[in-house]
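Visitor: Please pick one spot here and take a close look at it. Then lead me on from there to other parts.

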Amino acid sequence: MKAYVFPGQGAQFSGMGKEIYESNPKAKELFDQANQILGFKITDIMFEGTAEELKQTKVTQPAVFLHSVILALTTDGFKPDMVAGHSLGEFSALVSNQALNFEDGLKLVYQRALAMQKACEVNPSTMAAILGLDDKVVEDVCASIDEVVVAANYNCPGQLVISGSNKGIEIACEKMKEAGAKRALPLPVGGAFHSPLMEPARTELAAAIENTTFNKPICPVYQNVNAQPSSDVDEIKKNLISQLTAPVRWTQSVQNMVKDGATEFIESGPGKVLQGLVKKIAPEAEVRSI
């Protein structure tokens with residue numbers, strides 16, 4: 001069975017999407033439509049922008065979404081048996097399995113990006129990658145700190161990203177090293193994604209999601225919040241709203257997809273980050289890009 005997976009923020013690079021824009025008329029049409037919907041030429045930033053320009057949350061999220069979705073929608077024989085996306089990638093997954101149409105998906109991603117950027121400005125905060133510790137040890141260290149610090153991304157065994165206040169992350173990194181972490185590395189991100197500090201953004205996004213039409217998908221989506229497959233529209237919406245303040249259970253999602261019959265994981269979007277993670281979680285699975 002084929003599982004299509006979609007990357008999140010951090011996979012962007014200058015020049016992303018340019019090749020498919022220039023070689024595929026349908027892709028060009030979708031990119032041009034996206035410029036109209038957003039009200040600015042995101043293609044200029046994607047194709048020619050600096051790393052600094054691409055790093056702004058309000059640019060990164062729609063850019064990664066567009067690259068991922070347009071690749072999937074313009075690929076001959078694209079027929080997923082199941083889909084999943086890492087954080088922002090969940091929206092790409094939901095357009096690819098027809099739970100959301102292209103325009104609504106892009107509008108939600110842009111609203112999500114603006115809401116998250118705003119939440120970051122209200123609560124200066126950050127994230128850090130913890131390498132070489134068991135999940136349980138990381139969770140226990142986070143729980144022992146008298147600041148907001150939580151496990152945010154379960155990326156693969158031995159790689160967990162934590163999220164929280166600047167002070168909380170600083171203390172946590174020291175404690176993780178004391179607990180035997182190979183590395184405890186603050187990340188160059190704008191804020192504490194997938195933590196309680198994203199509550200203002202969650203509230204804002206909830207209203208937008210409730211006002212958007214979702215359709216019955218053509219295949220299940222394995223959602224970040226619970227790592228379980230879903231084809232139920234109400235459940236998909238509820239989990240999508242919870243996603244901003246809850247951890248991304250990527251390790252568990254891939255494990256469940258394999259258990260349910262996935263033998264091939266195909267990454268749609270910029271970079272190869274998810275292929276690397278899948279290889280660590282399920283060494284027996286085939287991985288490739290679209």
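Guide: Start with threonine 50, which sits in the loop between α3 (42-48) and α4 (51-54). Helices are DSSP runs of H or I with at least four residues, strands are runs of E with at least two, and both are numbered from the N terminus. Residues are numbered from 1 along each chain as its sequence is written, and side-chain values use heavy atoms, leaving out hydrogens and water. This is a predicted model: local features need pLDDT of at least 70, side-chain atom pairs count only at pLDDT 80 or more, and totals for chains, interfaces and linings use all residues.

Threonine 50 has a relative accessibility of 42%, so it counts as partly exposed. Buried means under 20% relative accessible area, exposed means over 50%, and partly exposed lies in between, for a 1.4 Å probe and protein chains only. From threonine 50 to alanine 128 is 78 residues along the chain, and their C-alpha atoms are separated by 24 Å.

Strand β3 covers residues 125-131, and serine 125 belongs to it. Serine 125 counts as buried because its relative accessibility is 6%. Its side chain reaches the backbone oxygen of asparagine 123 at 2.9 Å. A polar atom of the serine 125 side chain also lies 2.9 Å from the backbone nitrogen of alanine 192. Such a polar contact is a pair of N or O atoms within 3.5 Å; within protein, one must be able to donate a hydrogen and the other to accept it, and residues adjacent in sequence count only if both atoms are side-chain atoms. Setting aside residues up to four places away in sequence, serine 125 touches Gly164, Ser165, Asn166, Gly190, Gly191, Ala192 and Leu197. Contact here means heavy atoms within 4.5 Å.

Next comes helix α7. It has 21 residues, 102-122, which at 1.5 Å a residue should span 30 Å; its end C-alpha atoms are 30 Å apart, which agrees. The expected span is 1.5 Å times one less than the number of residues. At the start of α7, a side-chain oxygen of asparagine 101 comes to within 3.2 Å of the backbone nitrogen of glutamate 103. Among the buried residues of α7 are Phe102, Leu106, Tyr110, Arg112 and Cys120. Their cover includes α2 (25-38), α5 (57-73), α6 (89-96) and α10 (199-210).

Stay with cysteine 120. It has a relative accessible area of 9%, so it is buried. Its sulfur is 17 Å from the closest cysteine sulfur, in cysteine 173, too far for a bond. Cysteine 142 is buried too, with a relative accessible area of 5%. For the sulfur of cysteine 142, the closest cysteine sulfur is again in cysteine 173, at 9.6 Å, too far for a bond. A disulfide is a pair of cysteine sulfur atoms within 2.5 Å. By that rule, the count is 0.

Now the nonpolar core. The largest one has 61 residues, and those with the most contacts inside it are Met46, Phe65, Leu66, Ile70, Leu94 and Phe214. A nonpolar core is a set of buried Ala, Val, Leu, Ile, Met, Phe, Trp, Tyr and Cys residues joined through side-chain atoms within 4.5 Å. Leave out residues up to four places away in sequence, and leucine 94 touches Ala99, Leu100, Phe214, Val221, Ile236 and Leu240.

Ile236 and Leu240 take us to helix α11, residues 233-242, where both are among the buried residues. The buried residues of α11 pack against α6, α10, β7 (221-222) and β8 (229-230). Aspartate 232 caps the N-terminal end of α11, with a side-chain oxygen 3.3 Å from the backbone nitrogen of aspartate 234.

Between β7 and β8 runs a loop that holds asparagine 224. Asparagine 224 has 0% relative accessibility, so it counts as buried. A polar atom of its side chain lies 2.8 Å from the backbone nitrogen of serine 87. Beyond its neighbours within four places in sequence, asparagine 224 contacts residues including His86, Ser87, Glu90 and Arg249.

Last, the rings. The whole structure has 5 aromatic pairs. One is tyrosine 4 with phenylalanine 78, edge-to-face, at 4.5 Å centre to centre and 65° between the planes. Rings of Phe, Tyr and Trp (its six-membered ring) pair if their centres lie within 6.5 Å; planes under 30 degrees apart count as stacked, over 60 as edge-to-face, and the rest as tilted. Tyrosine 4 and phenylalanine 78 are both buried.
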